[in-house]
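Here is a short tour of a protein model, written for someone new to reading structures. Have a look at the picture first, then read on.

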Amino acid sequence: MATGGSRFLKEPFEVHEQRFEATERIMELQFSQVERRLEKIEGMIEGLERRLWMAVYGVVAVVLAQAFQSILEFTPK
């Protein structure tokens, strides 16, 4: 009843294979965590970018309103 070789030859390879599979699973979990964090950071950056553009548009609107108001003051009545 031979099973195809010595168990002493197969066992070290099986242990390394199990370690390799465990390492792959750990790396996959770590990459998924990093990906989730990056998505969260990207969302925060997009929100910050929107607020920044709203501030820029607000400043431009104030400058244009003041310019228009000064033009109206200098026109003849």
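Trp53 and Tyr57 sit four residues apart in helix 1, so about one helical turn separates them. Helices here are DSSP runs of H or I with at least four residues, strands are E runs of at least two, and both are numbered from the N terminus. This is a predicted model, where local features need pLDDT of at least 70 and side-chain atom pairs count only at pLDDT 80 or more, while totals for chains, interfaces and linings use all residues. Residues are numbered from 1 along each chain as its sequence is written, and side-chain values use heavy atoms, with hydrogens and water left out.

How many aromatic pairs does a search of the whole structure find? It turns up one. The ring centres of Trp53 and Tyr57 are 5.9 Å apart and the planes meet at 35°, so this pair is tilted. (Rings of Phe, Tyr and Trp, using the six-membered ring of Trp, pair if their centres lie within 6.5 Å; planes under 30 degrees apart are stacked, over 60 edge-to-face, and the rest tilted.)

## A greasy patch

Trp53 and Tyr57 also belong to a nonpolar surface patch of about 750 Å², together with Leu52, Met54, Val56, Val60 and Leu64. Patch members have over 30% relative accessible area and no salt bridge; nonpolar side chains (Val, Leu, Ile, Met, Phe, Trp, Tyr) are joined within 5 Å and like charges within 9 Å. A salt bridge means a side-chain nitrogen of Lys or Arg within 4 Å of a carboxyl oxygen of Asp or Glu.

Trp53 has 44% relative accessibility, so it counts as partly exposed. Tyr57, at 53%, counts as exposed. Leu52 is in helix 1 too, and its 53% makes it exposed. (Buried is under 20% relative accessible area, exposed over 50%, partly exposed in between, with a 1.4 Å probe and protein chains only.)

## A negative patch

Glu14, Glu17, Glu21, Glu24 and Glu28 gather in a surface patch of negative charge. Glu28 lies in helix 1, which covers residues 7–74, and at 60% relative accessibility Glu28 counts as exposed.

## The whole protein

Technical notes:
Accessible areas come from the Shrake-Rupley method with a 1.4 Å probe; for residues, only the protein chains shown count as cover. Lys and Arg count as positive and Asp and Glu as negative; His and the chain ends are not counted. The place of a charge is taken as NZ of Lys, CZ of Arg, CG of Asp or CD of Glu.
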